[in-house]
2 protein chains.
Amino acid sequence: MNEVKESKLTEQELRLARMFKALGNPVRLEILRKLSDCNSCICGDIVDALPLAQSTVSQHLKVLKEAGLIRGEIEGPATCYCIDQEGLDWLKSKLPQFF
Amino acid sequence: MNEVKESKLTEQELRLARMFKALGNPVRLEILRKLSDCNSCICGDIVDALPLAQSTVSQHLKVLKEAGLIRGEIEGPATCYCIDQEGLDWLKSKLPQFF
DNA sequence: CTTCAAAATCGTATAATTACGATATAAACA
DNA sequence: TGTTTATATCGTAATTATACGATTTTGAAG
C-alpha cells in the first residue's frame, strides 16, 4: 500500500519498522515474554499458555521469526522456539541511536 | 479442558505494545525521525516532506500522539509537533528490562 | 464580522491483519 | 508399510489500518 512511493528510510530503518510492527501486538509480546522467561520452548507449550487456536499461534510465531525476533528449530516431532538474541540486541542498540 | 486463559500482560506491557504498534509503520517512523532531526516542526513541513495527503499525515500524527511518542502544541494558526522525550525515554528504559 | 490558511475530522474504498477450522506435512514409532 | 503426534499452511470471515477527497474547525488578520 505505501511502498511504491519513495521512502527516505534506510534499509536499517525499514528493518526497525518491521521489528516494531511484529512487537506491536499483545499476543506476540506475550509469546516473547514467555520465551524470554523460559529460555526456550516447545511450540505446544506456547499454544497451551494462550487462549488461541494452534493455527493462530503458529501464525504469530511465523511473524516473529520473519522479523528476526525469535528462532525455531525442529526437534524430533516438535519445534523448539527461542529468542533471537542477535536480533533483539540489534534492536536494543539501534533504538537509542535512532531517536 | 475449558481453562479460562486471559492476557497475562501488565498495563505497562500493553503500553509497550501500543508504542511498538505506532512505531511499526514506515511513514510514522519517518515522521519521528524528522521530528528527532529538526527538534520541532510545523505540521505543514511534515506534510510537505511526505508524498501523502494532508489528512493522511494528520492521522499518523494522531496515532503517534496517542501512543505518547510525540506532542502537539497549537501555535497560532498552525500546530507545532515535537518528540515526546518523556515517552521515548520510558520506552528506551523498558525495552532492555522486558527482554 | 468576514476571510484566509492550517490542521483536524468525516466518509469511504481498499488493503492488511487476525482469527478460526480444515487440511497438509514431517518425524518418530509400531 | 501405516499410525500418531506436533506443527505448518490453506481458505476464509471479520476486524482494523491506511489512504484519499471533502468538509469542518480554529486562530489570525483584515
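Trainee: How many helices and how many strands does chain A have?

Mentor: This is a predicted model, in which local features need pLDDT of at least 70, side-chain atom pairs count only at pLDDT 80 or more, and totals for chains, interfaces and linings use all residues. Residues are numbered from 1 along each chain as its sequence is written, while chains are lettered from A and ligands numbered from 1 in the order in which they are written. Helices (H or I, at least four residues) and strands (E, at least two) are DSSP runs, numbered from the N terminus. On these terms, chain A has five helices and three strands.

Trainee: In what order do the elements of chain A run from the N terminus on?

Mentor: The C-alpha atoms of chain A fill a box of roughly 45 × 30 × 25 Å, taken along the principal axes. Within chain A, the elements from the N terminus on run α-α-β-α-α-β-β-α.

Trainee: What share of the residues of chain A count as buried?

Mentor: A residue is buried if 20 or more other C-beta atoms, placed from the backbone, lie within 10 Å of its own, exposed if 12 or fewer do, and partly exposed in between. Chain A has 99 residues, and the share that count as buried is 24%.

Trainee: Is Ile46(A) buried or exposed?

Mentor: Ile46(A) has its place in helix α3 (residues 43-49) of chain A. Two residues are in contact if their C-beta atoms, placed from the backbone, lie within 7 Å. Leaving out residues up to four places away in sequence, Ile46(A) touches Ile31(A), Lys34(A), Cys41(A), Val57(A) and Tyr81(A). With 21 other C-beta atoms within 10 Å, Ile46(A) is buried.

Trainee: How do the axes of α2(A) and α4(A) lie to each other: roughly parallel or roughly perpendicular?

Mentor: The two axes, lines fitted to C-alpha atoms over the stretch in contact, with angles from 0 to 180 degrees between N-to-C directions, come within 10 Å and cross at roughly 75°. Angles under 35 degrees count as roughly parallel, over 145 as roughly antiparallel, 65 to 115 as roughly perpendicular and the rest as oblique. So α2(A) and α4(A) are roughly perpendicular.

Trainee: Which residues in α4(A) do those in α2(A) meet?

Mentor: Nonpolar residues are Ala, Val, Leu, Ile, Met, Phe, Trp, Tyr, Cys and Pro, charged ones are Asp, Glu, Lys and Arg, and the others, Gly among them, are polar. The contact of α2(A) with α4(A) divides into six nonpolar residues, one polar and one charged. On the α2(A) side are Val27(A), Arg28(A), Ile31(A) and Leu32(A). They meet His60(A), Leu61(A), Val63(A) and Leu64(A).

Trainee: Which residue just after α2(B) takes a positive phi?

Mentor: In α2(B), the buried residues include Pro26(B), Val27(B), Arg28(B) and Leu29(B). Just after α2(B), a positive phi of about 70° is taken by Asn39(B).

Trainee: How far apart in space are Leu64(B) and Ala22(B), C-alpha to C-alpha?

Mentor: Leu64(B) is found in helix α4 of chain B and is buried, with 26 other C-beta atoms within 10 Å. Among the residues that Leu64(B) touches are Ala22(B), Arg28(B) and Ile31(B). Although Leu64(B) and Ala22(B) are 42 residues apart in sequence, their C-alpha distance is 6.0 Å.

Trainee: Which element gives the most to the side of chain A that touches chain B?

Mentor: In all, 28 residues of chain A are in contact with 27 residues of chain B. The elements that give two or more residues to this side of chain A are α1 (11-23), α2 (26-38) and α5 (85-98). With seven residues, the element that gives the most is α1(A).

Trainee: Are α5(A) and α5(B) roughly parallel or roughly antiparallel?

Mentor: Their axes are 10 Å apart, and the helices pack at an angle of about 170°. Lys92(A), Leu95(A) and Pro96(A) meet Lys92(B), Leu95(B) and Pro96(B). From the angle, α5(A) and α5(B) are therefore roughly antiparallel.

Trainee: Which element gives the most to the surface near DNA strand C?

Mentor: A residue is near a strand if its C-beta atom, placed from the backbone, lies within 6 Å of it. DNA strand C is surrounded by 26 residues, the closest being Ser55(A), Thr56(A), Cys43(B), Gly44(B) and Ser55(B). The residues of this surface divide into twelve nonpolar, 13 polar and one charged. With six residues, the element that gives the most is α4(B).
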